[in-house]
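Student: I have a new structure open and would like to learn how to read it. Where should I start?

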Amino acid sequence: MKCDEIFLALDLLEKERGISPAFMMDKIVQALTTAYKRDHEGVENVVVDVDERKKDLKMYVQKEIVEEVENPGTQMSLAEARAKYGRVDVGGTVNIPVDNVEFGRIAAGNGKQVIIQGLREAERGMVYDEFNSKQHEILTGVVSRIDRSGNVSLRIGTGAESTEAMLSVSEQIKTEELVEGQHVKVYVVEVRRSTRGPQVLISRTHPGLVKRLFELEVPEIFDGTVEIKSIAREAGSRTKMAVWSSDEAVDPIGACVGPSHQRVGSIVNELRGEKIDIIKYSEDPAKFIAAALAPADVIDVWLADEGKGCRVIVPDDQLSLAIGKEGQNARLAARLTGYKIDIKPQSFKEEE
């Protein structure tokens, strides 16, 4: 590969792939200097001069001028330097041009290989930057493969800026079955760099998925009129979400539910029938805890003097409703509020 061919290839890469010629040229210069040092033992200081205007590259070996040479790879005697370069002094340096034939051989042997490697690295970097900016957002992927363990591969993005992401079994909603070719919304938990390209960690079970779905569906959440204060979720079964608005004229629950339950209904459909309890957040912990235990009615809430614990009194006939099937309602309410909740029937209070 000749020098002008290298510059032409870099220009094409910039036009077709959006990859910086400067980035690629740095890779090529590194490869040329490394190759020369490998072929010339003892040589340390190798300089590649890049002339973008003339589309040309030149290589030099830089040596220090000394009275007596100890390392021929890095030093040149004063007598030899003056004979070749005229008036020079000890302590200075000279740039010795590498023979054009040898430089051409090195460039031909390394240019194409480096461009291919640099291209891969640059594309991986572009894909990483693209997806890293989407952390904690929702993306739509297409199911490309399902392995025997049930892990699902999704193709996310299009063209050069697409990547394969793995939706592990633990991050899937247990009640849904995915099939190849299906479009699926996923929450981007994290993006990591790896030698094989960016690793996009995605989830269908993360509470952030519910939050982002509501932001997409409810304009009042998107514009900040309604705020999601907290979410507790058991994916595929039930979610509790606390909402609040600083605007007294806005009903935060009504905004999330939407006309004829259309807004929350579309999210429930996306989550394959997962129940969603929307409650009104209160800065009063007792009111917040009582609301979090819906659909059960709460008679009284006693807050512990220290720590985040409380005792809740409910009607006897609603004890099982407050606790929920396998303790789910109480468990989600505790996670939503951050309080350890001890639920007791009204008869317990009367016995005390």
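The dialogue below covers a sheet and some salt bridges.

Tutor: Start with the ground rules: this is a predicted model, where local features need pLDDT of at least 70, side-chain atom pairs count only at pLDDT 80 or more, and totals for chains, interfaces and linings use all residues. Residues are numbered from 1 along each chain as its sequence is written, and side-chain values use heavy atoms, with hydrogens and water left out.

Student: How are strands held in a sheet, and what is the order of the strands in the open sheet here?

Tutor: Strands of a sheet pair through backbone hydrogen bonds, either parallel or antiparallel. Strands (E, at least two residues) and helices (H or I, at least four) are DSSP runs, numbered from the N terminus. Two strands pair if DSSP finds at least two bridges between them. In this model an open sheet of 3 strands has the order β13-β14-β15, and its pairing is mixed. The edge strands, each pairing on one side only, are β13 (300–303) and β15 (340–345). On average, neighbouring strands of this sheet are turned by 20° against each other, direction ignored. Such angles run from 0 to 180 degrees between the N-to-C directions of axes, which are lines fitted to C-alpha atoms, for helices over the stretch in contact.

Student: How many bridges join β13 to β14?

Tutor: There are 4 bridges between β13 and β14 (residues 309–314), and the two strands run antiparallel. W302 stands opposite R311 in β14.

Student: Which helix lies across these strands?

Tutor: Helix α9 (residues 285–292) lies across β13, β14 and β15, at about 130° to β13. Contact means heavy atoms within 4.5 Å.

Student: What counts as a salt bridge?

Tutor: A side-chain nitrogen of Lys or Arg must be within 4 Å of a carboxyl oxygen of Asp or Glu. The whole structure has 20 salt bridges. One of them joins R212 and E215, with the closest N and O atoms 2.5 Å apart. Both residues lie in helix α5 (residues 207–217), 3 residues apart, about one turn of the helix.

Student: Are R212 and E215 buried or exposed?

Tutor: Buried means under 20% relative accessible area, exposed over 50%, and partly exposed in between (1.4 Å probe, protein chains only). R212 and E215 are both buried.

Student: What does the salt bridge between E274 and R233 tie together?

Tutor: The closest N and O atoms of E274 and R233 are 2.9 Å apart. E274 lies in the loop between α8 (262–270) and β12 (275–280), and R233 in strand β10 (residues 226–234), so the pair ties together parts that are 41 residues apart in sequence. E274 and R233 are both buried.
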